[in-house]
Amino acid sequence: MRLVAVLGYSRRADEELHAICEARVRHAESIVREDDVVLLSGEAELMHGHWRAGEVLLDPHARNTRENALGVAKAARELGADQVVVVTSRWHAPRAAVLVRAALRHAVPVETSSPVDGPPPHLAAREAVCLAVLPLHLVEMRRRAAATPDVSGRTAAGEEVDE
């Protein structure tokens, strides 16, 4: 089963779906297959209001890419996904993929799919800063992963956890 995870985008004060986020939603609708499970992450309620391709799961709590990645990994584990497709903007995809792979502990293949878009200059600059702090985010995710059980019920340290 393939999980298609659509990552949201907003400028915190947005009450309407941002054009960048809408492009991600439309792109996801164009690639989703009948047997896929779709997860809307981040601005989930806003995206859901614009989604036209069937049932979806919502992760409205993610407020940044690291939280998106953790939510995607949790859903993939719970669903038993054998592949994850992260739908996000082309300029955001490399960092998002690294974080999702780290959150999944490389348990399943992760690929990205993006609408044809280019970042406005201020977002390109912001993404460069985010890439610079990516190693710190990976350390934090590894710390969390060490305490979180995988599908076998064991942590990365090999300890068995009862949930």
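Read along the sequence, the protein chain runs β-α-β-α-β-α-β-α-β-α-α. That gives six helices and five strands, taken as DSSP runs numbered from the N terminus, with H or I of at least four residues for helices and E of at least two for strands. This is a predicted model, so local features need pLDDT of at least 70 and side-chain atom pairs count only at pLDDT 80 or more, while totals for chains, interfaces and linings use all residues. Residues are numbered from 1 along each chain as its sequence is written, and side-chain values use heavy atoms, with hydrogens and water left out.

Some totals next. Of the 163 residues in the protein chain, 45% are buried; buried means under 20% relative accessible area, exposed over 50%, and partly exposed in between, with a 1.4 Å probe and protein chains only. The accessible surface is about 8700 Å², and carbon and sulfur atoms hold 53% of that (Shrake-Rupley method, 1.4 Å probe; for residues, only the protein chains shown count as cover). Taking contacts between residues at least 6 apart in sequence, 69% join residues at least 24 apart, where contact means heavy atoms within 4.5 Å.

Now the cores. A nonpolar core is a set of buried Ala, Val, Leu, Ile, Met, Phe, Trp, Tyr and Cys residues joined through side-chain atoms within 4.5 Å. The largest one has 23 residues, and Leu-3, Val-72, Val-84, Val-86, Val-100 and Leu-104 have the most contacts inside it. At least two residues each come from β1 (2–7), α3 (65–79), β4 (83–87), α4 (93–104) and α6 (134–147). The largest share, six residues, is from α4. Another core, of 18 residues, lies apart from this one and includes Val-4, Val-6, Ala-28 and Leu-123.

Two arginines remain. Arg-24 sits in helix α1 (residues 19–31) and is buried, at a relative accessible area of 1%. A polar atom of the Arg-24 side chain is 2.9 Å from the backbone oxygen of Leu-7. The side chain of Arg-24 also makes a polar contact with that of Ser-89, at 3.0 Å (a pair of N or O atoms within 3.5 Å; within protein, one must be able to donate a hydrogen and the other to accept it, and residues adjacent in sequence count only if both atoms are side-chain atoms).

Arg-66 is in helix α3.
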